[in-house]
Amino acid sequence: MHRSSADTISGTSDYMICPNCRKALRRQERKVSISTPLTRGPSAFIPEKELVQVNAVDDRTNLLVEEYTTSGRLDNIAKVMSLHPQYLESFLRTQFYMLRMDGPLPLHYRHYIAIMAAARHQCSYLINMHNDEFLKTRGDPEWLKGLEYVPQRLRNLNEINKLLAHRPWLVTKEHIQRLVKTGENNWSLAELVHAVVLLAHYHALASFVFGSGINPESDQETSNGFSPDPINNFCACDLANDNTIENASLTSNNYGLSDSVSELEALMERMKRLQEEREDDEASQAEMATRFEKEKKESLVISAAFDDDLVSLSTASRYIEDPGFGYKDFARRGEEHLPTFRAQDYSWEDHGFSLVNRLYSDIGHLLDDKFRMVYNLTYNTMATHEDVDTTMLRRALFNYVHCMFGIRYDDYDYGEVNQLLERSLKVYIKTVTCYPERATKRMYDGYWRQFKHSEKVHVNLLLMEARMQAELLYALRAITRHLT
């Protein structure tokens, strides 16, 4: 481990610049120490031997790679997802369809839109991957210099990219109308739906990359002559010092082994009690609405830890406008009000699915299979316990993400979220979903300490798909309003 020679941002001594990732970090009393990455292999969070064992024995995964990857190899995302091979197949098939099969958008546009989406979260892993793919699909290398070098119609996606990534509830039919009615640079509705699906997919995939500690590919550094930012998603300054979140009290519990075992038993007991209460007592609609609002407000408290804006000096900002725009909670000091999006008024199953399938053939079926796969995926285990029905837990995770985006299910008791999701897990969920670039190993390690890595990856898959569906619901509702 060696000391950094980090520079100081001109005009202030409160920040210093990490020489590895060029991220601006708040100065703390101790100096920032820079080390080599904590682990090799696909993930900085998961021991390599656990993933190697999985990938070595699964021939089915190798067949999937041959059929459904653009690079022809198992990348680090797929290696981590292969802990859940059923889901991986659905994921790869859907992503391949978006990027390579017949669709409204030209191939190089698809990869550039992926870059624009990943750049909202400074996700260098995805940016570098799609820089390569963009060039392989005969994209103009000039475009990789930044947005001012791309056609105006692509630049016109900036606003919807920004809103979907950070505050999707602000997307309106007027945003849709501006894109489809702008003369020579207009988008057809089919093209726009394809673009929106890509944006939502790569925003959510950035959450998975950061939440799972995905390491850069070994050959990402200088491929295709493009010299990417030296940023890795997990610079040692984050991993060693947790600089990305100052309020350590939110995530540090210092539990011993016996505490984490009792924590698991307590969760099992709460699940059992909730199941019994659900059978005996049904809350009124007014009470259910009150519990939803309570969860929204608690989410606001968790966000207080992120009040200091993270300054990015990465070249990811060349692919976006307004880089300081980020997630803001719905009721903060009256700045903007997030009206509750009632799922029965516009749901994926009854509304979004049919619209997206009509405008972008077959993608609805693929997305629906992927959503159902992750929601229903279970091995009936919880850590060391077997024959456990985890439906209640999976639903709480999915619905909590939607709650943070203002989406409410009238038939769901949000009191269950409070009972089932401990505070350190809520902080992790909020971070991975809303501020993924700030996720750290300490946060990942800090919740469900007795659970297996494969179970935590399943959590990340649920968060990713819940986030993607939430973005799609807001965008597709705006398109529906434009059409009516």
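**Close-up 1. Where H5 meets H10 in this predicted model.** On the H5 side, the contact uses Arg 110, Ile 113, Ala 114 and Ala 117. Across from them, H10 puts in His 194, Ala 195, Leu 198, Leu 199, Tyr 202 and His 203. Sort the residues of this contact by class and you get seven nonpolar, two polar and one charged.

**Close-up 2. How the axes of H5 and H10 are set.** As for handedness, H5 and H10 cross in the right-handed sense.

**Close-up 3. H5 against H6.** Helix H6 runs over residues 124–136, and its axis comes within 9 Å of the H5 axis, with a crossing of roughly 165°. So H5 and H6 count as roughly antiparallel, since the angle is over 145 degrees. This crossing is left-handed. From H5, the residues involved are His 108, His 111, Tyr 112, Ala 114, Ile 115, Ala 118 and Ala 119. H6 answers with Leu 126, Ile 127, His 130, Asn 131, Glu 133 and Phe 134. The class tally for the contact of H5 with H6 reads eight nonpolar, four polar and one charged.

**Close-up 4. H5 on its own, end to end.** How far does H5 reach from its first C-alpha to its last? The span is 19 Å for 13 residues, close to the 18 Å expected at 1.5 Å a residue.

**Close-up 5. What covers H5.** H5 is mostly covered, with eleven of its 13 residues buried. The buried set takes in Tyr 109, Arg 110, His 111, Tyr 112, Ile 113, Ala 114, Ile 115, Met 116, Ala 117, Ala 118 and Ala 119. The cover over these residues includes H6 and H10, along with helix H4 (85–100), helix H7 (152–155) and helix H8 (158–166).

**Close-up 6. Asn 158, a residue of helix H8.** Why does Asn 158 count as buried? Its relative accessibility is 6%, and the cut-off for buried is under 20%. Leaving out residues up to four places away in sequence, Asn 158 touches Met 116, Leu 147, Tyr 319, Ile 320 and Glu 321.

Technical notes:
Residues numbered from 1 in each chain as written. Predicted model: local features only at pLDDT ≥ 70, side-chain atom pairs only at ≥ 80, totals over all residues. Heavy atoms only, no water. Axes fitted to C-alpha atoms, helices over the stretch in contact; angles between N-to-C directions. Helix = DSSP H or I, 4+ residues; strand = E, 2+ residues; numbered from the N terminus. Left-handed = near helix turned anticlockwise from the far one by under 90°. Contact = heavy atoms within 4.5 Å. Nonpolar A, V, L, I, M, F, W, Y, C, P; charged D, E, K, R; others polar. Parallel < 35°, antiparallel > 145°, perpendicular 65-115°, else oblique. Expected span 1.5 Å × (residues − 1). Buried < 20%, exposed > 50% of the residue type's maximum accessible area, 1.4 Å probe, protein only.
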